[in-house]
Amino acid sequence: MTVLDAPPATPPPPAPRLVTPARALALLVAVAALAAAFFGVRWALALGDDGLELARERDVVLIDAQQAAINLNSLDFTHVDAGLDLWEQTSTGPLLDEFRANRAEYNKVVTDSKRVTTATVADAAVAELDVRAGTARVLVGVDVKVVPQGQDPVVTRQRLQLEMTRTDAGWKASRLAPVRAPAS
């Protein structure tokens with residue numbers, strides 16, 4: 001008998017299974033514990049992150065600046081005093097001083113013009129924020145719908161820079177200036 005004619009050898013016994021259900025479960029528990037520890041540490045670190053507080057404050061000042069832009073560009077000649085009261089509630093510092101000093105003149109101009117203006121914010125962004133000083137600069141794009149009595153409405157787009165100051169009552173506009181388009 002030649003080697004080629006030898007009877008087939010019996011197959012070797014099966015190797016013991018390296019991955020048993022108990023081992024797989026232990027591995028999954030270990031991976032889950034590592035993931036929980038990793039994400040727990042990341043969460044704990046994030047709680048003390050100053051960037052989160054800055055982001056929250058940026059969001060607050062952005063919302064307040066958008067509302068200020070709407071309030072300061074919306075006025076109804078039939079309810080001038082209510083509108084001018086809203087201007088004063090929205091402002092602080094030099095802007096509030098200006099509104100108070102010129103209130104009678106603004107009242108007359110708006111009443112005589114017989115116009116209703118309604119503003120909506122098209123876009124806005126916080127350009128600068130100093131949380132410690134309580135100041136911010138916000139750029140706001142505003143669409144103002146002007147409706148003169150008995151005439152068709154006209155919509156104008158304005159770009160404004162609002163300087164915001166934190167007060168006990170929240171962020172208020174302390175300066176307001178138009179942003180001019182660059183000369184071409």
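The model is predicted, so to speak of local features a pLDDT of at least 70 is needed, side-chain atom pairs count only at pLDDT 80 or more, and totals for chains, interfaces and linings use all residues. Residues are numbered from 1 along each chain as its sequence is written, and side-chain values use heavy atoms, with hydrogens and water left out.

**The nonpolar core**

- The largest nonpolar core holds 27 residues, and W87, V140, V142, L162, M164 and A173 have the most contacts inside it. Such a core is a set of buried Ala, Val, Leu, Ile, Met, Phe, Trp, Tyr and Cys residues joined through side-chain atoms within 4.5 Å.
- At least two core residues come from each of α2 (50–73), α3 (80–90), α4 (93–101), α5 (103–113), β2 (115–130), β3 (135–148), β4 (154–167) and β5 (170–178). Helices (H or I, at least four residues) and strands (E, at least two) are DSSP runs, numbered from the N terminus.
- β3 gives the most to this core, with six residues.
- V142 is in contact (heavy atoms within 4.5 Å) with A69, A119, T120, A122, T156, R157, Q158 and L160, leaving aside its neighbours within four places in sequence.

**Helix α3**

- V80, G83, L84, W87, E88 and T90 are the buried residues of α3. Buried means under 20% relative accessible area, exposed over 50%, and partly exposed in between (1.4 Å probe, protein chains only).
- These residues sit on the same side of α3 because they cover an arc of only 165° around the axis. The arc is that of the directions from the helix axis to the C-beta atoms.
- On the face turned away from the buried side, α3 carries the exposed residues A82 and Q89.

**The largest pocket**

- The volume of the largest pocket is about 440 Å³. A pocket is an open set of points on a 1 Å grid over the protein atoms alone, where a 1.4 Å probe fits, with protein on both sides within 12 Å along at least five of seven lines; lining residues have an atom within 4 Å of a point. Grid points are joined across faces, edges and corners, and the volume is the space filled by probe spheres set on the points.
- The lining has 19 residues, with L72, L75, W87, V110 and T117 nearest the centre of the pocket.
- α2, α4, α5, β2, β3 and β4 are the elements that give two or more residues to this lining, and α5 provides the largest share, four residues.
- By type, the lining divides into 12 nonpolar, five polar and two charged residues. Here Ala, Val, Leu, Ile, Met, Phe, Trp, Tyr, Cys and Pro count as nonpolar, Asp, Glu, Lys and Arg as charged, and the others, Gly among them, as polar.

**Helix α5 and its end**

- The buried residues of α5 are R103, Y106 and V110. They share one side of α5, because their arc around the axis is only 65°.
- This buried set packs against β1 (75–76), α3, α4 and β2, while the face turned away from it carries the exposed residues A104, E105, K108, V109 and D112.
- V110 is buried at 14% relative accessible area, and touches L75, F77, V80 and R115, not counting residues up to four places away in sequence.
- V110 and H79 are 31 residues apart in sequence and 9.8 Å apart in space, C-alpha to C-alpha.
- Just after α5, K114 takes a positive phi of about 50°. K114 is found in the loop between α5 and β2 and counts as partly exposed, at 38% relative accessibility.
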